[in-house]
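Good morning, and thank you for coming.

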Amino acid sequence: MTTDAGATATLADFVAHTTLDDVPDQARTRLTQCLLDFIGVAAAGSRYAESSHALRTSLRGLVIGGETTVVADPEPWPEPYAAMLNGIYAHSLDFDDTHIAGGLHPGAAVIPAVLAVAERTNATGAELLTALAVGYEVCCRVGAALGRGAYHRGFHPTAIAGLIGATAGAGRLRGLDADGVAQAIGLAGSMASGSMQYLANGAENKRLHPGLAAHNAILATTFAEAGVRGAAAALEGTYGLLHGYSDQPHPEQLTADLGRVWILEGTGIKPYPSCRLTHGAIDAALQMRAELGASPPAETTVRLAISPTANQLVGGTDPRKRAPENSVDGQFSAVFQASVALLDGHVGWESYQRIADPGVRALAARIELATDPTLPEAGAELSVTADGPTHTVRIEKPSGEPGGSLSWDLVHTKYEGLTRHALPDTVAATVADLAACPSARSLIRQLRTPTEPQDNS
């Protein structure tokens, strides 16, 4: 494997020396959008994901005390476990931000680690924003460097790249110098994990992945700060992260145009709580329903085409893709998501109450699923044919991706829908102008207010 021998050291130098002035306005805006979105999805995930109660109570049985905030929990937690729970909650609804080029969810891993350190150190908003910038950028670059070869080996890139990005962000706030950041990344490399085997039965392992990454980032940076030595060339080395977790790595992505091109700007905000690779199918189905004025009649032929990459994760021939047995199955089923969208005209967390619905299952069973290599990874094409002409909707880029459609108002509306104004009104306004916030701790501790259950309809 061709490697850039100095990639880890180069990234560590970037983490230690980048200033907020170096971060473009567009990247800053994206980061504030992602932070507000994280708060909303973590608050909702803590309340509505089936796994959250068991995880919270089991962890509380292991640890006591602490001073660190968990979103929507009135009680403080020890720092590593607060980071873990925030990461789990943010990912449990599969409603958190995504970076398609990196094939991962940067926010659910990076933000919890950064918030935990920012609260303890009482960083300023500008310092918090800078840490998020370097954490996201490193995370997205490691994801791009892993490439789709990580999936081929059965690893979840969020758990791997997310750990490195979270370590970078937390290391920055701890004030580690470039060597300290490199040591922390070297230690974190031995903590990476995240198997895709959860797809076999819709297991809840996936929800743990970013939480474990955030937790381990706290450990790695704590050890490095104390002088524990980490592995050199942890990313690009012979036994490093890229070689161990991908069979088709792209090591040049780690440092190409670093500091000049901010690939974090490609992070999108999800409009639906499901795998991002189902979103093209959902968009196509919702547009199709709007054009038809109703769901397709029973006698019509419905054909859904998705990309080869999407087919690997949300398509294929596994019977659970046609007939999901739980919410995780449904989150990774393009035909289930398209069926709900065609029948109901909307997709939300309540859609998973339709898992066993006969009407949804009947439509999902008759959708002809195909693979189209001309489609972008998250794109889709849906066709409906009756006695008359065929109606076709093609989606090249799913909604919520960066561009003119990804406005602050759109993200704020999603946030309000997830929290139903249970958090103080000042939270969103402070996040919007994060660089001017004098105390990150004062912002973060407002998030302890518990949210009330709601139907997310």
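Two strands are said to pair if DSSP finds at least two bridges between them. Please keep in mind that this is a predicted model.

With that definition, consider strand S3, residues 301-306, which is joined to strand S5 by 6 bridges, the two running antiparallel. Within this pairing, Ile306 stands opposite Ala380 in S5. S5 also pairs with strand S6, residues 390-395, again over 6 bridges in the antiparallel sense. Here Val384 faces His391 of S6, and 4 residues lie between the two strands of this hairpin.

The largest nonpolar core comprises 150 residues, and Ile39, Val142, Ile164, Leu304 and Val314 have the most contacts inside it. Helix H6, residues 125-146, supplies the largest share, 13 residues.

Finally, the aromatic rings, of which the structure holds 5 pairs. The ring centres of Phe14 and Trp262 are 5.5 Å apart with planes at 50 degrees, so this pair is tilted. Phe14 belongs to helix H1 and Trp262 to the loop between helices H11 and H12, 248 residues apart. Phe14 is buried at 8% relative accessibility, and Trp262 is buried at 5%.

How values were computed:
Residues are numbered from 1 along each chain as its sequence is written. This is a predicted model: local features need pLDDT of at least 70, side-chain atom pairs count only at pLDDT 80 or more; totals for chains, interfaces and linings use all residues. Side-chain values use heavy atoms; hydrogens and water are left out. A nonpolar core is a set of buried Ala, Val, Leu, Ile, Met, Phe, Trp, Tyr and Cys residues joined through side-chain atoms within 4.5 Å. Buried means under 20% relative accessible area, exposed over 50%, partly exposed in between (1.4 Å probe, protein chains only). Rings of Phe, Tyr and Trp (its six-membered ring) pair if their centres lie within 6.5 Å; planes under 30 degrees apart count as stacked, over 60 as edge-to-face and the rest as tilted.
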